[in-house]
Amino acid sequence: MRMLIMGAPGAGKGTQAAALAQAHGVAAISTGDIFRANIRNATELGLKVKALIDAGEYVPDDVTEAIVADRLAEPDCSSGFLLDGFPRTMHQVHFLDRYLSQRRQHLDAVVSLLVEPDVLVARLLDRAAKEGRTDDNEDTIRRRMEVYAGQTAPLLFHYERQGLLVEVEGSGTVEEVRQRMLEAVAARKA
């Protein structure tokens with residue numbers, strides 16, 4: 001299985017990605033985790049990414065695409081993968097399409113977690129307080145939602161037209177959302 005998990009910031013992608021990947025025996029790849037590791041290690045990429053994330057902006061397509069291509073080339077991705085946080089722009093969609101096509105591969109499903117905006121803001125503010133994440137203050141959260149709506153949400157329409165979109169209600173307990181998600185992906189495979 002080759003899958004994507006999408007949703008606005010705070011929709012629960014990171015929380016649900018591991019369970020979905022484990023259920024299908026594939027690698028879970030989070031571009032956010034890759035970026036945060038570079039920030040923690042103060043790499044050149046990390047310093048560049050930190051400034052962008054702190055401003056609520058996305059990392060440029062070419063940088064993100066190169067990181068994803070390197071990660072997808074790792075042996076644990078040979079039987080499939082779940083991408084969390086990629087693609088976020090149409091440029092990245094086309095990059096991923098070309099990447100997979102060159103390897104005679106394709107996506108099997110695109111899971112979209114749907115959550116009301118006010119719930120998202122509350123979740124992200126709570127996460128910021130618990131984890132001390134500088135990229136989760138209210139102004140930055142609202143900016144990230146604007147960027148998501150403007151750049152990323154249209155990708156869902158693209159995947160819907162391809163028949164890949166699996167929409168899942170993302171409100172409720174972690175377990176409730178996980179169960180709905182696993183059932184929806186299983187129904188898509190059937």
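Predicted model: local features only at pLDDT ≥ 70, side-chain atom pairs only at ≥ 80, totals over all residues.
**Entry 1: Thr 152**

I began with Thr 152, which I located in helix H7, a helix covering residues 138-161. Is Thr 152 buried or exposed? I found a relative accessibility of 2% for Thr 152. Thr 152 therefore counts as buried, because buried means under 20% relative accessible area.

I then looked up which residues Thr 152 touches, leaving aside residues up to four places away in sequence. The contacts are Met 6, Tyr 58, Pro 87, Arg 88 and Val 147.

I turned next to charged side chains. Side chains of opposite charge can pair when their charged atoms come close. How many salt bridges does the model contain? The count comes to seven.

I looked up the pair Arg 36 and Asp 33, which form a salt bridge with their closest N and O atoms 3.1 Å apart. Both residues belong to helix H2 (residues 31-40). They are three residues apart, so about one helical turn separates them. Arg 36 counts as partly exposed at 30% relative accessibility, and Asp 33 counts as partly exposed at 46%.

**Entry 2: A pair between helix H7 and a loop**

I returned to helix H7 for Arg 143. The side chain of Arg 143 meets that of Glu 57 in a salt bridge, at 3.1 Å from N to O. Which parts of the chain does this pair tie together? Arg 143 lies in helix H7, whereas Glu 57 lies in the loop between helix H3 (44-54) and helix H4 (61-72). The pair therefore ties together parts that are 86 residues apart in sequence. I noted a relative accessible area of 32% for Arg 143, which is partly exposed. Glu 57 is also partly exposed, with a relative accessible area of 35%.

**Entry 4**

Glu 138 and Arg 142 both lie in helix H7, four residues apart, which is about one turn of the helix. Glu 138 counts as partly exposed at 38% relative accessibility, and Arg 142 counts as partly exposed at 38%.

Notes:
Residues numbered from 1 in each chain as written. Heavy atoms only, no water. Helix = DSSP H or I, 4+ residues; strand = E, 2+ residues; numbered from the N terminus. Buried < 20%, exposed > 50% of the residue type's maximum accessible area, 1.4 Å probe, protein only. Contact = heavy atoms within 4.5 Å. Salt bridge = Lys/Arg side-chain N within 4 Å of Asp/Glu carboxyl O.
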